[in-house]
Amino acid sequence: MPELVFFSGTMDCGKSTLALQIEHNRSSRGLQGMIYSRNDRAGHGKLSSRLGLVTEAVEAAHDMDFYAHVVGQLSSGGRVDYVIADEAQFLAPEQVDQLARVVDDLELDVFAFGITTDFRSKLFPGSQRLVELADRIEVLQVEALCWCGARATHNARTVDGRMVVEGAQVVVGDVVGDVDSPHAVVGYEVLCRRHHRRRQTSATARAVALSPDVLPVDSAK
């Protein structure tokens, strides 16, 4: 039976790499899929991994109807054997409903990939709806690590290396400038729960370690 499968995890756990692997495995067997992505690091209409792999994709706009798009492909003579949706956390709940309809009405497998929670540890609306509707949820087994070496479970947004907990839910990382600080560098980092609660990133941890206010222990005494 066709399924809606949600592959989830933190950043850096290999979601997009797995999406590309599934695409390779199926296309090498003669199957043809529709690949969707949104806000990919490689640019508009791309699905890429941090390992440098990249393939073409359909940019999933905020107003895209996935069901209508797949039906359009089939109606025009195209072939669709499965669907891959990367960065699925950015989808609207109704778009996730459309993906579920692709499974139920068109009998196609849909593989969705995304992070579950945002930098505030709040569920993305798209991820929440996937948790509610997916036939199967797969938590990726490639563990991302916090700077301390513990398993990373939370996504943190940083501005000039310091963790922030306020702002828009979706902001592209590794860019210069935001609404409040046009020259600030916005990035993301995965942390364990303890350091996410403490808002302690790798940069702030290094700053503390190098601070002259941290006195060395005199082992001779």
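The questions and answers below go through a predicted model, from the whole chain to single residues.

Residues are numbered from 1 along each chain as its sequence is written. Local features need pLDDT of at least 70 and side-chain atom pairs count only at pLDDT 80 or more, while totals for chains, interfaces and linings use all residues, and side-chain values use heavy atoms, with hydrogens and water left out.

User: How many helices and strands does the chain have?
Analyst: Helices (H or I, at least four residues) and strands (E, at least two) are DSSP runs, numbered from the N terminus. On that basis the chain has 6 helices and 12 strands.

User: What share of the residues in the chain is buried?
Analyst: Buried means under 20% relative accessible area, exposed over 50% and partly exposed in between, with a 1.4 Å probe and protein chains only. The chain has 221 residues, and the buried share is 42%.

User: Among contacts between residues at least 6 apart in sequence, what percentage join residues at least 24 apart?
Analyst: Contact means heavy atoms within 4.5 Å. Among the contacts between residues at least 6 apart, the share joining residues at least 24 apart is 72%.

User: Which residues carry the UniProt feature "binding site", and which pocket do they line?
Analyst: The unreviewed UniProt entry places this feature at Val-170, Val-171, Val-172, Gly-173 and Tyr-188. Val-170, Val-171, Val-172, Gly-173 and Tyr-188 from this set belong to the lining of the largest pocket. A pocket is an open set of points on a 1 Å grid over the protein atoms alone, where a 1.4 Å probe fits, with protein on both sides within 12 Å along at least five of seven lines; lining residues have an atom within 4 Å of a point. UniProt annotations may be inferred rather than shown by experiment, and the pocket asked for is the largest pocket.

User: Where does UniProt place the feature "active site", and is that residue buried or exposed?
Analyst: The unreviewed UniProt entry places the feature at Glu-87, which lies in the loop between strand 6 and helix 3. Beyond four places in sequence, Glu-87 touches Ser-16, Ser-37, Arg-38 and Phe-113. Because its relative accessible area is 13%, Glu-87 is buried.

User: With which side chain does the side chain of Glu-87 make a polar contact?
Analyst: A polar contact is a pair of N or O atoms within 3.5 Å; within protein, one must be able to donate a hydrogen and the other to accept it, and residues adjacent in sequence count only if both atoms are side-chain atoms. For the side chain of Glu-87 the distance is 2.9 Å, and the partner is Gln-89.

User: Why is the pair of Phe-7 and Phe-113 classed as it is?
Analyst: Rings of Phe, Tyr and Trp (its six-membered ring) pair if their centres lie within 6.5 Å; planes under 30 degrees apart count as stacked, over 60 as edge-to-face and the rest as tilted. The search of the whole structure finds 4 aromatic pairs. In this one the centres are 4.8 Å apart and the planes are at 10°, so the pair is stacked.

User: How many residues apart are Phe-7 and Phe-113?
Analyst: Phe-7 is buried at 10% relative accessibility, and Phe-113 is buried at 0%. Phe-7 is in strand 1 (residues 4-9) and Phe-113 in strand 7 (residues 109-115), so placed that the pair links parts of the chain 106 residues apart.

User: Which residue joins Phe-7 and Phe-113 in a cluster of ring pairs?
Analyst: Ring pairs link Phe-7 and Phe-113 into a cluster with one further residue.

User: With which side chain does the side chain of Ser-48 make a polar contact?
Analyst: Ser-48 is found in strand 3 (residues 46-48) and is buried, with a relative accessible area of 4%. Beyond four places in sequence, the residues it touches include Ser-16, Leu-20 and Val-54. The side-chain polar contact spans 2.5 Å, and the partner is Asp-40.

User: With which side chain does the side chain of Asp-118 make a polar contact?
Analyst: Asp-118 is in the loop between strand 7 and helix 4 and is buried, with a relative accessible area of 2%. Beyond four places in sequence, Asp-118 is in contact with Phe-124, Asn-155 and Gln-169. The polar contact is 2.7 Å, and the partner is Arg-120.

User: How far apart in space are Val-131 and Ser-8?
Analyst: Val-131 is found in helix 4 and is partly exposed, at 41% relative accessible area. Val-131 and Ser-8 are 123 residues apart in sequence, and their C-alpha to C-alpha distance is 9.6 Å.
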